[in-house]
Structures are given as C-alpha cells and as structure tokens.
Amino acid sequence: LTKWDDIFKAGSFGLKEPDKFVVDFSRVLKERKAKTVLDLGCGAGRNLIFFVREGFDVYGLDISKVALRKAKETLSQEGFSTELKNADMTALPYISEFFDAIVCIYVIYHNTLEGMRKAIAEIHRSLKKKGLALLVFQSRRSWKYRLGKQIEQGTFVQTEEPEKGVIHHFSDEHEIKHLLSEFRILDMKLDEFEFKGRLHSHWIAMIEK
Ligand SMILES: C[S@@+](CC[C@H](N)C(=O)[O-])C[C@H]1O[C@@H](n2cnc3c(N)ncnc32)[C@H](O)[C@@H]1O
C-alpha cells in the first residue's frame with residue numbers, strides 16, 4: 001500500500017463537489033464535442049463522477065487502490081460504472097491518441113521534475129490530435145513551498161503528518177511553459193485562495209495537443 005492509501009483511509013480528499021475550473025472546462029469540452037475523458041489521479045472521484053453525470057465517456061486512473069475503491073462506491077451509488085485503473089501517471093496503460101481530453105487536478109506535481117516530464121509526455125501520447133488537457137501545478141507562492149526536505153531544485157518531501165512522505169514539486173510560470181512546450185497553451189492562470197491564514201497557490205493550464 002502506498003502513502004496515498006493511508007491518506008485516503010484517513011478520510012482526506014473525500015470532497016464531493018467538482019472543482020470550479022473542471023466545471024468550466026467541461027463546457028469547453030462540450031463545445032468541442034469531446035467524448036472520451038481521462039481523470040488522471042482521480043482520487044475518490046469528485047471530478048470523475050461529475051464528468052460521468054455530464055455524459056462523457058470517462059476513464060479514471062490512480063496510484064491508490066483505496067481511492068479507487070471509494071470512487072467505485074460513489075459511482076455505483078448513482079448506478080454508474082466506468083473503467084478505473086490502478087497505475088502510475090508516468091506510464092499510462094492506454095493506447096496512443098485515445099482521449100479527447102485529460103484532466104490532472106492537484107496531481108502532476110506529486111513527482112520529481114523528471115517524473116512530471118514523463119507524465120506530461122504520457123499525456124501527450126495518449127491524447128488525440130487537437131485533444132485538450134487541464135493541468136494544475138503547485139506554485140512557488142504556495143504556503144507549502146520549501147516545507148520538508150529538499151531532494152532537488154524545487155522538489156520537497158514532507159517530513160510532518162498529515163502529508164509525511166508526500167512529494168511536491170513547485171513550479172513557476174517559466175518552468176511550466178517549458179514543460180508544456182509540445183502543446184499549445186490555450187489559457188494559463190494563477191489560482192489563489194487563503195484558508196486558515198495560509199496561501200494556496202496553483203497554476204491552472206488548459207492546453208491543446
Ligand atoms: C491531492 S489528490 C487529488 C485527487 C483528485 N484529482 C481531486 O482533485 O480530488 C492527489 C491524487 O494523486 C494520486 N497520485 C499521486 N501520485 C500518483 C502517481 N504517481 N500516479 C497516479 N496517481 C498518483 C493520489 O493517489 C491522489 O489520489
């Protein structure tokens with residue numbers, strides 16, 4: 001079992017509502033007549049189930065079996081089922097040019113920089129031409145920046161619970177544009193909010209293959 005299984009067992013990330021920027025993205029997908037959508041790092045499935053309800057042909061993938069079990073339960077409570085796979089984002093178990101769209105929400109930065117490069121190359125491979133993706137990156141303005149032990153430039157492993165052992169890579173705009181150089185960036189913005197006096201800061205990128 002992974003660290004992520006422990007986190008899901010402890011009841012974290014059990015949110016039910018989809019992200020606002022996922023809801024906005026689904027409108028763009030409908031305009032484009034997109035059908036097949038991958039929720040990469042779907043967790044307990046709040047965005048996954050939103051896409052299912054909206055009528056997309058949805059696939060989910062996560063490294064945590066516990067998270068996938070929760071996602072499956074939520075889906076079956078509403079009478080839905082979709083293909084869920086237990087795999088690592090750096091090696092996607094899908095054929096090339098399969099998806100119209102991929103969302104990767106609060107996931108891709110749980111990696112080293114090299115791991116992020118691999119995951120982005122996999123997103124590129126498995127998207128159809130002109131396919132869209134929505135990716136969320138951690139910003140260096142986040143309160144979490146520099147928390148824990150640094151293992152390389154911009155990458156930290158947390159040393160305190162509740163995220164002890166969890167890896168985070170923090171990016172700036174320049175680095176993200178470089179990581180996404182194989183794509184066309186349709187929109188990129190900083191999303192920030194304060195919670196309990198702490199600044200949460202993420203870059204949200206909508207990209208096209
Ligand atoms: C912060 S949660 C976000 C979950 C979901 N996307 C959401 O917005 O509710 C991060 C997720 O990434 C998954 N994850 C972490 N590392 C992964 C990896 N290497 N491959 C696939 N999934 C991973 C975790 O299991 C967890 O479900």
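This briefing walks through the fold, the ligand site and a few backbone details of the structure above. The model is predicted, so local features are given only at pLDDT of at least 70 and side-chain atom pairs only at pLDDT 80 or more, while totals for chains, interfaces and linings use all residues. Residues are numbered from 1 along each chain as its sequence is written, and side-chain values use heavy atoms, leaving out hydrogens and water.

**Overall fold**

- The protein chain has 6 helices and 10 strands; helices (H or I, at least four residues) and strands (E, at least two) are DSSP runs numbered from the N terminus.
- For 209 residues, a compact globule would have a radius of gyration near 17 Å, and the 16 Å of the protein chain agrees with that. The radius is taken over C-alpha atoms, and the globule rule is 2.2 Å times the number of residues to the power 0.38.
- Along the principal axes, the C-alpha atoms fill a box of roughly 40 × 35 × 30 Å.
- Of the 209 residues, 51% count as buried, where buried means under 20% relative accessible area, exposed means over 50%, and partly exposed lies in between (1.4 Å probe, protein chains only).
- The accessible surface of the protein chain comes to about 10,500 Å², with 51% of it belonging to carbon and sulfur atoms. These areas come from the Shrake-Rupley method with a 1.4 Å probe; for residues, only the protein chains shown count as cover.
- Among contacts (heavy atoms within 4.5 Å) between residues at least 6 apart in sequence, 67% join residues at least 24 apart.

**Around the ligand**

- The ligand is surrounded by 17 residues, and the closest are Gly 41, Arg 46, Asp 62, Met 89 and Ile 105; a residue counts as near if one of its heavy atoms lies within 4 Å.
- By class, this shell holds 10 nonpolar, 4 polar and 3 charged residues. Here Ala, Val, Leu, Ile, Met, Phe, Trp, Tyr, Cys and Pro count as nonpolar, Asp, Glu, Lys and Arg as charged, and the others, Gly among them, as polar.
- A polar backbone atom of Ile 105 is 2.8 Å from a nitrogen atom of the ligand, and a polar backbone atom of Ile 63 is 3.3 Å from a nitrogen atom of the ligand.
- An oxygen atom of the ligand lies 3.5 Å from a polar side-chain atom of Asn 47.
- Taken alone the ligand exposes 600 Å², and the protein buries 96% of that.
- Helices α1 (3-9) and α3 (46-53) are the elements that give two or more residues to the shell.

**Backbone details to look for**

- Most residues other than glycine have a negative phi, and most peptide bonds are trans.
- The peptide bond from Glu 161 to Pro 162 is cis, with omega near 10 degrees; Pro 162 sits in the loop between β7 (155-157) and β8 (167-171).
- Lys 33 has a positive phi, near 60 degrees. Lys 33 lies in the loop between α2 (20-31) and β1 (36-40) and is exposed, at 69% relative accessible area.
- Lys 130 also has a positive phi, near 70 degrees. Lys 130 belongs to strand β5 (residues 127-139) and counts as exposed at 56% relative accessibility.

**A look at Gln 150**

- Gln 150 is in strand β6 (residues 149-152) and is partly exposed, with a relative accessible area of 41%.
- Leaving aside residues up to four places away in sequence, Gln 150 touches Thr 155 and Phe 156.
- Gln 150 and Ile 167 are 17 residues apart in sequence and 9.6 Å apart in space, C-alpha to C-alpha.

Terms used: A polar contact is a pair of N or O atoms within 3.5 Å; within protein, one must be able to donate a hydrogen and the other to accept it, and residues adjacent in sequence count only if both atoms are side-chain atoms.
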